[in-house]
Amino acid sequence: MQKPNLTCSLSTLILGSLLTLGCQADTTESPTGKALEPWQQAQKTEVWEPVPRKVEAPADGAPSDAIVLFDGTDLSEWEGESGGEPTWILDEGAMTVARKTGGIRTKRDFCDIQLHLEWRAPSDIEGMDGQNRGNSGVFLQGRYEVQVLDSYNNKTYPNGQAASIYKQHIPLVNATRPPGDWQTYDIIYQAPEFAESGALQTPAYVTVLHNGVLVQNHVEIQGATEWIGEPSYDEAHGCAPIHLQDHDAAVSFRNIWVREL
Ligand code: MG
C-alpha cells in the first residue's frame, strides 16, 4: 500500500458541531508519493517575498535612505531648544556647544529611529571632573538622554557616565576614547506608545553602540530622564525632536544622520 503524503491533525471545537481539519504537507514526498530530491525539500523553506528595497551604504557617510541632520556645512536642520536660530559654533565641519547659550533641537519630529552621530569631548578640560567633564547629551524625543561625557579617565556614578541612559541604565562596558578624539554613537530607538487616555501602553526601548561596541542592549526606558527624582511617563507625547544638550562644556558633534524605522 502507498504511504499517504499528508499528515493531519484533527481538533474538535465548541458545541461538538464544528470541526477544524488542519492538514500539513509532508515535505519529504511529492504529491504522487515520490521522494523529493534534497533541492526540492530545500525549496519548501525558501521565502521570496517581500524583497528588501535597496539602500546604498557607503563606507563613509550616510545610507541613501537617511535624513542627514548635519554634514558639517550648516545648521539648517536645527533650531535653538526653545526655537529661534541655533547658537552653536560651526567650524571645520563640526558644530560645538556655545556654552551657556542653550541646547539645540531638530526642526523635524521623530518616532522610531536609527541615529548615527559623532561627538568629541574637548581636550582642554584639565581640572574638570565628574559630570563637569565634557558633558552633553542626546535627548531622544527631547526627553530620554543618552549621556555624552568624557568617561575615559573620569570617575562619576556609572549610571551617569558616557553612553548611560542617564540614571536608568549603566553601559555594559566603557568604550570611551580619550578627550579630543572623535567617538561614535549608533542608536536604535523605539518610541513609547500611549493610549488615548494618555496612559502608557508600551515603554520606549533603546540599543546603543559606542564606538561600535554594544553598550545598551534593547533596554527599557523608564520615563523621561531626571537629574533629581525617579523617571516617569507623566506626559503622553507623539513624535518629537532630537535635542543635543548644552551642559556648559564645549562638546562638538559631526556627521549626524537618522533613518526613520
Ligand atoms: Mg548630559
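Author: R143 counts as buried, because its relative accessibility is 19% and buried means under 20% relative accessible area, with exposed over 50% and partly exposed in between (1.4 Å probe, protein chains only). This is a predicted model: local features need pLDDT of at least 70, side-chain atom pairs count only at pLDDT 80 or more, and totals for chains, interfaces and linings use all residues. Residues are numbered from 1 along each chain as its sequence is written, and side-chain values use heavy atoms, leaving out hydrogens and water.

R143 sits in the loop between β9 and β10. Strands (E, at least two residues) are DSSP runs, numbered from the N terminus. Leaving aside neighbours within four places in sequence, R143 contacts A224, T225, E235, H237 and A240. Contact means heavy atoms within 4.5 Å.

Now the strands. An open sheet of five runs in the order β4-β7-β16-β9-β10, with antiparallel pairing. Its edge strands are β4 (78-80) and β10, each pairing on one side only. Two strands pair if DSSP finds at least two bridges between them. β9 and β16 (residues 243-244) pair over two bridges. There, F139 stands opposite H243 in β16.

Next, the metal. N135 (OD1), S136 (O), E145 (OE), Q147 (OE1) and Q245 (OE1) coordinate the magnesium ion at 2.2 to 2.3 Å. Donors are N, O and S atoms within 2.8 Å of the metal (3.2 Å for Na, K and Ca); water is not among the atoms, so sites may look incomplete. The donor spacing in sequence is N-S-x8-E-x1-Q-x97-Q. N135 is buried at 2% relative accessibility. Q147 is buried too, at 1%.

Definitions and conventions: Helices (H or I, at least four residues) and strands (E, at least two) are DSSP runs, numbered from the N terminus.
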